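Please open the structure in a viewer and keep the selection panel at hand.

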Amino acid sequence: MRYITLLTNAYTAAANPVNAVAMKRYMRDQFEYLGIKTPDRRHINKALKEQYGLPEITEMPALIKALWEKPEREYQYAAIDLMQQCHKSWTAEDIHLFEYMLTHKSWWDSVDSVVSCLAGPWLKKFKAAQPAVTNQWSNSDHIWLQRAAIIFQNAYKQYTDEQLLHQYILQHAHSKEFFIQKAIGWALREYSKTNPEGVRTFVNRHTLAPLSRREALKRIG
């Protein structure tokens, strides 16, 4: 695939070993890094787009999976960036690709980006698919799919399905997983920007983990 070569050449040329050490340490040594910071990575991606355009949407599944197999984390970020830019061409089948991205090399950085940039907007575009897809995520044993179900509406504001949000929160309210407790608090905190009284009432009526409660009320007290 031509785009793999273009990205690899550009990213290799921009690698910074000093940055890579710090970035790897920040991510608890789970992934290798080239050491390309986000502004520089986006500048490279923009230059490639201006010179070569974007890959065809039909090429994206193979391209994304190839980028996902690369050891350096920047390539996974590139996959997310590229797919986000193809949003006008998304189809109903793309949710399967997003689920692949959520469940492979999973950590908060990739999962939250896939949800906010891809899965969340997709679920808003294909609203009829929301309950079936997110129920499956919430009912799974995969904590990152559970987290995705809880936070996928974070940017929906007044279009939030409050019943669905509450359903997933209560389903996982007793989870001991840090990333689930954090997700619950984050989702409620974001929704509190739209419905502060509703969030305050919900938090006071239900037993949530201290972390979830603290995060949920951070903006509204």
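The model is a predicted one.

**Stop 1: the largest pocket.** Select T38, R41, R42, Y77 and S113, which lie nearest the centre of the largest pocket. The lining comprises 17 residues, and the pocket has a volume of about 300 Å³. Next, colour α2 (17-26), α3 (38-52), α5 (73-85) and α7 (108-125), the elements that give two or more residues to this lining. Sorted by class, the lining of the largest pocket contains 9 nonpolar, 3 polar and 5 charged residues.

**Stop 2: the second largest pocket.** Now select W108, D112, R147, F178, F179, K182, W186, R189 and E215, the residues that line the second largest pocket. Its volume is about 170 Å³. Which helices each supply at least two residues of this lining? They are α7 and α11 (178-192).

**Stop 3: helix α4.** Select residues 60-69, which form α4, and show the side chains of M60, L63, I64, L67 and W68, which are buried. Why do these residues lie on the same side of α4? They cover an arc of only 135° around the axis, and therefore share one side of the helix.

Technical notes
Residues are numbered from 1 along each chain as its sequence is written. This is a predicted model: local features need pLDDT of at least 70, side-chain atom pairs count only at pLDDT 80 or more; totals for chains, interfaces and linings use all residues. Side-chain values use heavy atoms; hydrogens and water are left out. On a 1 Å grid over the protein atoms alone, a cavity is a set of points where a 1.4 Å probe fits but cannot get out, and a pocket is an open set with protein on both sides within 12 Å along at least five of seven lines; lining residues have an atom within 4 Å of a point. Grid points are joined across faces, edges and corners, and a volume is the space filled by probe spheres set on the points. Helices (H or I, at least four residues) and strands (E, at least two) are DSSP runs, numbered from the N terminus. Ala, Val, Leu, Ile, Met, Phe, Trp, Tyr, Cys and Pro count as nonpolar, Asp, Glu, Lys and Arg as charged, and the others, Gly among them, as polar. Buried means under 20% relative accessible area, exposed over 50%, partly exposed in between (1.4 Å probe, protein chains only). The arc is that of the directions from the helix axis to the C-beta atoms.
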